[in-house]
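Me: I am new to this structure and would like to go through it slowly, one question at a time. Please show it first.

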2 protein chains.
Amino acid sequence: MGRVLGRSYERENCSAARALEVAGERWSLLIIRDALFRGSTRFSQFERGLRIAPNILTSRLERFVVEGLMVKQPGATGQAEYLLTEKGRDFGPVIMALTEWGDRWDAPAGPPIIFVHATCEGNVVLDAHCDRCDATVDMTEVSVTAGPGSRQDEVSTHSS
Amino acid sequence: MGRVLGRSYERENCSAARALEVAGERWSLLIIRDALFRGSTRFSQFERGLRIAPNILTSRLERFVVEGLMVKQPGATGQAEYLLTEKGRDFGPVIMALTEWGDRWDAPAGPPIIFVHATCEGNVVLDAHCDRCDATVDMTEVSVTAGPGSRQDEVSTHSS
């Protein structure tokens with residue numbers, strides 16, 4: 001990444017870019033979604049649930065293991081199980097945010113899936129929340145400032 | 001999209017996929033981020049703020065206008081202004097969610113940017129929130145069920 005992108009990109013933009021790199025592809029997000037919100041763990045469950053081509057599924061699961069988003073382990077039935085790590089589970093809000101946008105702007109028949117709270121069956125939605133005044137925050141009230149990670153050397157050592 | 005992807009994909013997965021299609025690319029998200037959270041409106045502001053190549057910036061801005069994420073209008077100084085529409089502003093949570101993941105898992109020097117609440121200068125974070133019991137919800141307490149948009153015909157009429 002360092003060689004093809006500009007300095008400013010590397011310095012202040014790597015967080016979102018890195019997330020896109022490891023899971024910013026439609027099948028990747030759907031596999032993580034089914035693992036996280038449907039409890040899918042086995043190859044056959046993902047394949048059946050998503051009707052995904054086996055070769056694509058194989059490549060995505062292998063990538064997730066390499067990236068540390070999943071661990072692969074022998075299951076009780078002898079079939080391998082793919083289990084999300086904390087790093088993988090942390091993609092939950094990304095999946096919800098993308099889904100909420102699509103539901104609002106490109107789902108004329110209504111939301112294809114709904115996120116449900118296990119304990120009360122209410123709908124789960126994302127809110128932006130201020131950790132100081134505790135308010136729910138509209139995006140028009142948010143700005144960005146440089147954080148500690150923006151003060152890197154001019155010659156970035158960040159690699160992809 | 002309909003011709004290359006499977007039926008299940010189209011039926012239940014188009015919301016997140018559609019969001020990825022229109023803004024799921026690193027420069028696209030960064031342009032929207034600077035428009036939304038830094039108030040950038042002019043070509044030169046995006047170019048300088050992101051150090052993005054002019055040809056890439058041009059193609060992304062044109063795409064946003066076509067997709068209805070931005071409107072282009074003459075500015076007071078004669079330079080064109082690109083203003084986010086509501087559809088474009090709605091990518092705010094996507095940008096925040098991606099950034100939060102990257103900050104947590106791939107930002108050893110700390111967050112490159114911080115989201116700040118304009119009125120109190122507190123940090124703004126995303127929370128998953130239940131609309132029934134009002135609780136802040138952990139992702140492990142969330143599951144997905146089919147929504148109204150999942151009951152489409154077998155032969156999807158959804159086009160990309």
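Me: Is B:Pro111 buried, exposed or partly exposed?

Reply: This is a predicted model, in which local features need pLDDT of at least 70 and side-chain atom pairs count only at pLDDT 80 or more, while totals for chains, interfaces and linings use all residues. Side-chain values use heavy atoms, with hydrogens and water left out, residues are numbered from 1 along each chain as its sequence is written, and chains are lettered from A and ligands numbered from 1 in the order in which they are written. Buried means under 20% relative accessible area, exposed means over 50%, and partly exposed is in between, with a 1.4 Å probe and protein chains only. Because its relative accessibility is 28%, B:Pro111 counts as partly exposed.

Me: Where in chain B is B:Pro111 found, and which residues does B:Pro111 touch, not counting residues up to four places away in sequence?

Reply: B:Pro111 is found in the loop between helix 6 and strand 3 (113-117) of chain B, where helices (H or I, at least four residues) and strands (E, at least two) are DSSP runs numbered from the N terminus. Contact means heavy atoms within 4.5 Å. Once residues up to four places away in sequence are set aside, B:Pro111 touches B:Asp103 as well as A:Gly147, A:Pro148, A:Gly149 and A:Ser150.

Me: What rotation superposes chain B on chain A?

Reply: Copies are superposed by least squares on the C-alpha atoms of residues with pLDDT of at least 70 in both. For chain B on chain A the RMSD is 0.0 Å, with 0.0 Å of shift along the axis and a rotation of 180°. The two copies are thus related as by a two-fold rotation axis.

Me: Which residue of chain B comes closest to the rotation axis, and what percentage of the contact residues of chain B recur in chain A?

Reply: Of the residues of chain B, the one whose C-alpha comes closest to the axis, at 2.6 Å, is B:Asp127. The same surface serves both copies, and the share of contact residues of chain B that recur in chain A is 98%.

Me: How many helices and strands does chain A have, and what percentage of its residues are buried?

Reply: Read along the sequence, chain A follows the pattern α-α-α-α-β-β-α-α-β-β-β, with 6 helices and 5 strands. Among contacts in chain A between residues at least 6 apart in sequence, 47% join residues at least 24 apart. Of the 160 residues in chain A, the buried share is 48%.

Me: At what angle do the axes of helix 2 and helix 6 of chain B cross, and is the crossing left-handed or right-handed?

Reply: Axes are lines fitted to C-alpha atoms, for helices over the stretch in contact, and angles run from 0 to 180 degrees between N-to-C directions. Angles under 35 degrees count as roughly parallel, over 145 as roughly antiparallel, 65 to 115 as roughly perpendicular and the rest as oblique, while a crossing is left-handed if the near helix is turned anticlockwise from the far one by less than a right angle, and right-handed if clockwise. The axes of helix 2 (residues 26-37) and helix 6 (residues 92-105) of chain B come within 10 Å and cross at roughly 115°. Helix 2 of chain B and helix 6 of chain B are therefore roughly perpendicular to each other, and their crossing is left-handed.

Me: Which residues of helix 2 of chain B meet helix 4 of chain B?

Reply: The axes of helix 2 and helix 4 (residues 54-67) of chain B come within 10 Å and cross at roughly 70°, which makes the two roughly perpendicular. On the side of helix 4 of chain B the residues are B:Ile56, B:Leu57, B:Arg60, B:Leu61 and B:Phe64, and on the side of helix 2 of chain B they are B:Trp27, B:Ser28, B:Ile31 and B:Ile32.

Me: Is A:Thr41 buried or exposed?

Reply: The place of A:Thr41 is in the loop between helix 2 and helix 3 of chain A. Leaving aside neighbours within four places in sequence, A:Thr41 is in contact with A:Phe46, A:Ala80, A:Glu81, A:Tyr82 and A:Leu83. Because its relative accessibility is 17%, A:Thr41 counts as buried.

Me: Is A:Gly78 buried or exposed?

Reply: A:Gly78 lies in the loop between strand 1 (70-74) and strand 2 (80-84) of chain A. With a relative accessible area of 61%, A:Gly78 is exposed.
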